[in-house]
Amino acid sequence: MRRLAVVGEVGTSPEQLAADLYAAHRLSLVRLAVLLVDDLAAAEDVVHDVFAGLLTGGKQLRDPDAAVGYLRRAVVNRARSALRRRRTARAYTPPEDPSRAGPDDIAVLSEEHREVCAALKTLPARQREVLVLRYWSDLSEIQIADALGISRGTVKSTASRALAALEKKLEGER
């Protein structure tokens, strides 16, 4: 096994040390990562991310023996992060697809949708704009205020009044 260069020796750069560490320890680090993440491609990604972080992180490694320990610890930490991301991705359940609703559900939803749209048309323009921007475009109060050129407080009060008027109108039709 060849001797690793140490930063500080004549002509040795951090990049050279990283290259030497990569050549000497990549396989053992990939094996370690495979045991942790149980996937060769993910393990290789973990190890490559660690070495990329070593080069871009600005760390100066002076002792190659300490560098190997640092790399092992970094591989374990990155593997844990990869497993957390994987667990989160597996736990995600997409929202229910409304297109799977039955014909009865679609008919009721369509009727309610028509009623809301009709009631919305009866509101003054500013109230209608605030509600559409808030609930259709999903904008925040600050974004609505900016879009309409009004204050955030005006957005809040207008939305409150519009929702009350809309509720009153929809209850009156039933």
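A pocket, as the word is used here, is an open set of grid points where a 1.4 Å probe fits, with protein on both sides within 12 Å along at least five of seven lines. In this predicted model, the largest pocket holds about 270 Å³ of space.

The lining of the largest pocket consists of Glu 112, His 113, Val 116, Cys 117, Leu 120, Leu 131, Val 132, Tyr 135, Trp 136, Leu 163 and Leu 166. Helix 4 (103-121), helix 5 and helix 7 (152-173) are the elements that each supply two or more of these residues. Helix 4 contributes the most, with 5 residues. By class, the lining of the largest pocket comprises 9 nonpolar residues, 1 polar and 1 charged.

Two packed helices are described by the angle between their axes and the distance between the axes. Here are both pairs:

| Helix pair | Axes come within | Crossing angle |
|---|---|---|
| Helix 1 (residues 14-37) and helix 2 (residues 40-56) | 8 Å | roughly 150° |
| Helix 5 (residues 125-136) and helix 6 (residues 141-148) | 10 Å | roughly 135° |

Helix 5 is therefore oblique to helix 6, and their crossing is right-handed. On the helix 5 side, the contact is made by Glu 129, Val 130, Leu 133 and Arg 134, while helix 6 brings Ile 144, Ala 147 and Leu 148. These contact residues of helix 5 and helix 6 divide into 5 nonpolar and 2 charged, with no polar ones.

Now for the other pair. Because angles over 145 degrees count as roughly antiparallel, helix 1 and helix 2 are roughly antiparallel to each other. The crossing of helix 1 and helix 2 is right-handed. In helix 1, the residues in contact are Pro 14, Glu 15, Ala 18, Leu 21, Tyr 22, Arg 26, Leu 29, Val 30, Ala 33, Val 34 and Val 37. They meet Leu 40, Ala 42, Ala 43, Glu 44, Val 46, Val 47, His 48, Phe 51, Leu 54 and Leu 55 of helix 2. The contact of helix 1 with helix 2 has 17 nonpolar residues, 1 polar and 3 charged.

Definitions and conventions: Residues are numbered from 1 along each chain as its sequence is written. This is a predicted model: local features need pLDDT of at least 70, side-chain atom pairs count only at pLDDT 80 or more; totals for chains, interfaces and linings use all residues. Side-chain values use heavy atoms; hydrogens and water are left out. Axes are lines fitted to C-alpha atoms, for helices over the stretch in contact, and angles run from 0 to 180 degrees between N-to-C directions. Helices (H or I, at least four residues) and strands (E, at least two) are DSSP runs, numbered from the N terminus. Angles under 35 degrees count as roughly parallel, over 145 as roughly antiparallel, 65 to 115 as roughly perpendicular and the rest as oblique. A crossing is left-handed if the near helix is turned anticlockwise from the far one by less than a right angle, and right-handed if clockwise. Contact means heavy atoms within 4.5 Å. Ala, Val, Leu, Ile, Met, Phe, Trp, Tyr, Cys and Pro count as nonpolar, Asp, Glu, Lys and Arg as charged, and the others, Gly among them, as polar. On a 1 Å grid over the protein atoms alone, a cavity is a set of points where a 1.4 Å probe fits but cannot get out, and a pocket is an open set with protein on both sides within 12 Å along at least five of seven lines; lining residues have an atom within 4 Å of a point. Grid points are joined across faces, edges and corners, and a volume is the space filled by probe spheres set on the points.
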